[in-house]
Structures are given as structure tokens and as C-alpha cells.
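The sequence and structure come first.

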Amino acid sequence: MKYLCLVYSDEELLHSLPESPRDEECLAYAESVQESGRLIAGEALAPVQTATTVRVRTGKTTITDGPFAETKEQLAGFYMVEARDLNEALNIAAGIPAARVGSIEVRPVRELEVPARSAAGERG
């Protein structure tokens, strides 16, 4: 099953605390998860002030500089992993170095349901 591990941290503290992870440590952890065959994708994100939010309401698109919401912790990156179950995904999340100074939200990836096409309705 796929799980998304969302890495949240206070950007002002992420790299300034004694227990803050360094890029080398984060890369090494990502490589170890990849070598185990469980990493599907993972990336660090640019600072929150580079975010742009898009909303569509009643057919009108609005674009706003900045993140969706003001929060104490910001989304800093993610790991998408393949795990046997939630417990394995939680163990992977606990190893993410940024968990020492922030938090990791673990969520199952929901497969989108696409209606099956009837044989009579298909063209090929």
C-alpha cells in the first residue's frame, strides 16, 4: 500500500536547532529507503514564501501569493513510500531526520476509482 509521509516543520527553526538534520543526513536516509525498495518519490520543498495558492470558486480562478493557510509549521517536503501496512509506514516516518524538530503526517494514498467501461461502449 502507498503512504505519503508529509514533513512539517517551523522553517525558522528547521536548520537552527542543535538536533536539526543536515541535508547530507536527509539524503542518506532517503537513499536507504530507496535501496530498500520502499521509496516511490521524495522531495524537499522550497521555502513557504515561494508558494502560490490557486482556488476556483463558481468558475472564477483566483491566485494568491503564499501558502494555503498561516500555520506554525509549514510543509517542508514529502516521502511517498510503499509499505506493507500502517505500522511499517510509521516506522519509516519515525526515521525521517526532520521528525526530530518537526512532525511527520502519515496518510494512506487513496486510489481513484474509475468506472469500468462496458465492452459494448469501448472503441478500439
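Arg-100 counts as partly exposed because its relative accessible area is 42%, which falls between the 20% and 50% cut-offs. The side chain of Arg-100 meets that of Glu-25 in a salt bridge, at 2.8 Å from N to O. The pair joins distant parts of the chain, 75 residues apart. The model is a predicted one.

**Glu-25 and Arg-100**
- Glu-25 sits in helix H2, while Arg-100 belongs to the loop between H3 and strand E6 (103-108).
- Glu-25 is also partly exposed, because its relative accessibility is 34%.

**Other salt bridges**
- The whole structure contains four salt bridges.
- Arg-84 and Glu-88 form one through their side chains, with an N to O distance of 3.2 Å.
- Arg-84 is classed as exposed because its relative accessible area reaches 68%, over the 50% cut-off.
- Arg-107 pairs with Glu-105, and their closest N and O atoms are 3.6 Å apart.
- Arg-107 is partly exposed, with a relative accessible area of 47%.
- Glu-105 is likewise partly exposed, at 30% relative accessibility.
- A network of salt bridges links Arg-38, Arg-84 and Glu-88.

- Glu-88 is part of helix H3, which spans residues 86-95.
- Glu-88 is buried because its relative accessibility is 10%, under the 20% cut-off.
- Leaving aside residues up to four places away in sequence, Glu-88 touches Arg-38 and Ala-83.
- Arg-38 is therefore both a contact of Glu-88 and a member of the salt-bridge network that includes Glu-88, given that a salt bridge needs the nitrogen and oxygen within 4 Å.

**Largest pocket**
- The volume of the largest pocket is about 610 Å³.
- Its lining consists of 26 residues, and those nearest the centre of the pocket are Cys-26, Glu-43, Ala-44, Leu-45 and Ala-76.
- Four elements each contribute at least two lining residues: helix H1 (11-14), helix H2 (23-35), strand E2 (39-44) and strand E5 (74-82).
- H2 provides the largest share of the lining, with six residues.
- Sorted by class, the lining of the largest pocket holds 17 nonpolar, four polar and five charged residues.

Key
Residues numbered from 1 in each chain as written. Predicted model: local features only at pLDDT ≥ 70, side-chain atom pairs only at ≥ 80, totals over all residues. Heavy atoms only, no water. Buried < 20%, exposed > 50% of the residue type's maximum accessible area, 1.4 Å probe, protein only. Contact = heavy atoms within 4.5 Å. 1 Å grid on protein atoms, 1.4 Å probe; cavity = no way out; pocket = protein on both sides within 12 Å on 5 of 7 lines; lining within 4 Å. Points joined across faces, edges and corners; volume = space filled by probe spheres on them. Nonpolar A, V, L, I, M, F, W, Y, C, P; charged D, E, K, R; others polar.
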